[in-house]
Amino acid sequence: MTTRSFGAPITRNEDARLLSGQALFVDDVELPGMLYAAFLRSSAAHARIRSIDVTAARARPGVVAVYTADDLGAYWAPGPLLVPPPPIAGVVFNQRTQVPLAKDKVRHVGEPLAVVLAQSRYIAEDALADIEVDLDPLPAIVDLEKAIEHDAARVHDDVRSNIAAHARQSRGNYETARARAEHLVARRFLYDHGASMPIETRGVVAKWDGRANQLTIWDTTQAPVFLRNGLAGMLGLSERQVRVIAPFVGGGFGPKIMLFYPEEVVVPWAAMKLNRPVKWIEDRLEHFFATTQERGQTHDAEMALSRDGKILGIKDIFLHDTGAYNPYGLTVPINSQCTLLGPYVVPHYDSTFTAVFTNKPIVTPYRGAGRQHGVFVIERLLDIAARELGIDCAEIRRRNFIPADAFPYNNEIIYQDFTPLEYDSGNYEPILDKALELIGYRQFLDEEQPRLRAQGRHVGIGLACYVEGTGIGPYEGAKVQVQANGKVSVATGIGTQGQGHFTSFAQIAADQVGVDVRNIDVVTGDTDQFYWGAGTFASRGAVVAGNAVNEAAKVVRQKILKLAAEHFECAEEDLEIANGEVSVVGTGQVVKLGALAMMANPMRGAVKPGTEPGLESTQYFGPPRGATASGVHAMIVEVDPQTFMLEVLKFVVVHDCGNVINPLILAGQIHGGVAQGIGNAFYEHLVFDDDGQLLNASLADYLLPSALEVPRMEIAHLVTPSPLNPLGIKGAGEAGAIPVGPLFAQAIENALGLAEQKVELNEIPLSPNRLFELTTKTK
Amino acid sequence: MSTDSQSGSETDDHTVTVTVNGTAYRRTVESRLLLSDFLRHDLLLAGTHVGCEHGVCGACTVIFDGVAVRSCLMLAAQADGHAVMTVEGLAGDRNHLHPIQEAMRDCHGLQCGYCTPGILMTMKVFLDETPAPDEAQIREALSGNLCRCTGYQHIVDAMLLAAERLRG
């Protein structure tokens, strides 16, 4: 056997292309005769459309067409519901999905009203200014509590009180826990809007080939297969006639899984209607309104505890802002509801949420996908309880961990994937111990902090625990094929936005087929290369598609051995596959895999009945339910008490995502997640005014963390394999981002001694300005 | 979302000669054409990426007469008579990588790779001027380039490694 690839910190196959400017992104697609689309977007958050006059725009030289909703005819329809509500008893769900171009009414700033197709992007944008729009403003629904007042204006005229959904899930009986409680903690928690802000915005290029009856679409989507199927249906084509390519995609983080965006529906339609290729590339200003966002929850939560800090039960009632439409169903609030339970035993739980329509951009999952809101609530409740009961913050968590011998652990509520929220495996206490050791917890609290405080420095420590539901179904597939040149190709239906699939999937296949990782060519995100699949979301790519690659590669290995045994007239047990060739051990007889692949596809002669050509296999993998990863973050921070600017002095992540495919890629996922968590916790805040106008829609005002704000991180891994898949892996995409909010709140409180001032940080995002307001309000 | 009301490309064209990666290109451009669009769509050098079009993210950074600049904040007409280097010109030929590119690969300094060309160009100028930087200097120099994937740590590691290798 050669060295095992799985588990090795191998550099990436895809990097040479990306580093030299040769990787294809959607905006790099150049086609002869291409037209350029620009969308006219609503300037009002809520208004009736009196009229749209496109006459002057159509007359502008270089403009080929201008369309409004009426021009779409029967093609105009609200988008599909992507995720139906899980089977929760008594769930209320009012489905209202986005439309291709607004008709009658606009429901958020940036909603598209018309599209211009022109010979250049510049002319298309010029023509937007020629369009006369007459809007009759309506009161904007912005605040969640005001939204559900009886006399509030309605985002959707036929949905009473703007209630998009309502669901209650419970375990045990919270009231009995409350009656037995020796201590109660009740607080209100806020988690406001943020955005994923990939550096590449969204984009679509569509080309209709009338001779071949074939539509080709390049799209920045995380779900090319679903996009193909949906567009085929809308356009009256069979799936075979539509090819969707998600080439290199410049970051996704969730909003690029949303479909169907209006532009994704309009651009292919226009390309067919005009019989010319059409390109639309979102600009950054559009991205702030037209791409989905996340967050916006208000929780009223209560925790019942015993005197020694054991959780007896939790009751939580929360409002969730779903924005103007709810195409993604209940995924985000269900994730909040479920992930709140964390790594802890919560015997009694009563959680109710109301999702609310507002005149804001649509809310769909963004890295964490609601998980961080729930984690914020329980971690803050534990911090407050610890302080009030006089228990150490680490100790109160330790006392409540689900014990290592209690897995699989059923939380008795329903998760986003419609299955019971059952944790497959975990071992939480060693993770906490490792984090405390790496951050130097006791030493900091007992020695360092008193010493630095004596010098007048405001330093504090925080720690937060979390679980992450990952790797959910339904399924993914992969085709593994030995090529005549001896290389091996791997194709799967998911898309890639930087996760390193071109390398990690190659590592999985390499161990089965005995070919160097560099000689394995992975294709993702092209529906003509692999037909089936769901997409890249919920930290599931490596788990679900990775295991499909493994299954397919195992079958190819068997085919290689069988054919080689026939070729050499020996037993399969005598064969060894390594370095791209098969040898008969101890004889010096060798055949290259490429030669075997050609033997497996004879041009003449007869084959046995049932013989399949080639050395290839297509296999599928679907887990029974998601695999639950876990971790602890710890941080030491210094805060300037005058400016409230802060510096992270030390950041530790201890993480358990089961078996690790590639530690280098995994570290990158953690680093990037933490950076987004830091932005979310302290720098990034989408600020809407009472009219539903976003006040900071530029990267100069919406502050993504730079290399100066993101600290060096120290990462350690513990391994509790998942029993739910043969590779024993769990997802890792969101772990870095999830617990950073409560971590910041706790560490800043500790640094500034806010407990003594009776100030609690029960909201995210924080900022220097917000800290100033919160700390001066009480003086 | 421009609101410029000028329509015709016949009104204000300029003929420019720009040297990009050592090759002189002569083209006629509208006065309002951004340098980033000129490089990407006229010269088909699509390695230069556009992230914000308002000069904040740094993805479109190119080297203009030896200085790292944002090509979304310049007009193509301004480049007349000047020399531009893009990511396609960094290594000399497409079968090799520059030591900065190699270090980025070796340290896993990129994920989606979209911001990467701008980072490479910023760091090329920085390392030319600062051959032995410490981590704080690298972070300062890097702070004008936003990356949403990596959390910067592996990029910083890559620049420390690249500087060491470039010093020989």
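The report below describes a predicted model, taking up parts of chain B and then parts of chain A.

## The open sheet of chain B

In chain B, five strands come together in an open sheet whose order is β2-β1-β5-β3-β4, and the pairing within this sheet is mixed. At its edges stand β2 (23-30) and β4 (67-70) of chain B, and because each has a single partner strand, one side of each is left without a neighbour in the sheet. From one strand to the next, the twist averages 40 degrees.

Strand β1 (residues 13-20) of chain B pairs with β2(B) in the antiparallel sense, over eight bridges, and within this pairing Val18(B) is placed opposite Tyr25(B) of β2(B). Helix α3 (residues 116-129) of chain B packs on the sheet, where it touches β3 (61-64) and β4 of chain B, and the direction of the helix makes about 35 degrees with that of β3(B).

## Helix α5 of chain B

Helix α5 of chain B, which covers residues 153-167, contains 15 residues and reaches 22 Å from its first C-alpha to its last, a span close to the 21 Å expected at 1.5 Å a residue. Just after α5(B), Gly168(B) adopts a positive phi of about 85 degrees.

Several residues of α5(B) are buried, among them Ile155(B), Val156(B), Ala158(B), Met159(B), Ala162(B) and Ala163(B). In an α-helix there are 3.6 residues a turn, so residues three or four places apart point the same way. The buried residues of α5(B) pack against α17 (663-683) of chain A, together with α2 (99-106), α3 and α4 (135-142) of chain B.

## Strand β21 of chain A and its partners

In chain A, strand β21 (residues 488-492) has four of its five residues buried, and it is therefore largely enclosed by the rest of the structure. Strand β20 (residues 476-482) of chain A is joined to β21(A) by five bridges, and these two strands run antiparallel. The bridge partner of Val482(A) in β21(A) is Val488(A). Together β20(A) and β21(A) form a hairpin with five residues between them, and in the turn Gly486(A) has a positive phi of about 90 degrees.

Strand β22 (residues 520-524) of chain A is likewise joined to β21(A) by five bridges, although here the strands run parallel, and Thr492(A) is found opposite Thr524(A) of β22(A).

Conventions
Residues are numbered from 1 along each chain as its sequence is written. Chains are lettered from A and ligands numbered from 1 in the order in which they are written. This is a predicted model: local features need pLDDT of at least 70, side-chain atom pairs count only at pLDDT 80 or more; totals for chains, interfaces and linings use all residues. Two strands pair if DSSP finds at least two bridges between them. Axes are lines fitted to C-alpha atoms, for helices over the stretch in contact, and angles run from 0 to 180 degrees between N-to-C directions. Two residues are in contact if their C-beta atoms, placed from the backbone, lie within 7 Å. The expected span of a helix is 1.5 Å times one less than its number of residues. A residue is buried if 20 or more other C-beta atoms lie within 10 Å of its own, exposed if 12 or fewer, and partly exposed in between; C-beta atoms are placed from the backbone.
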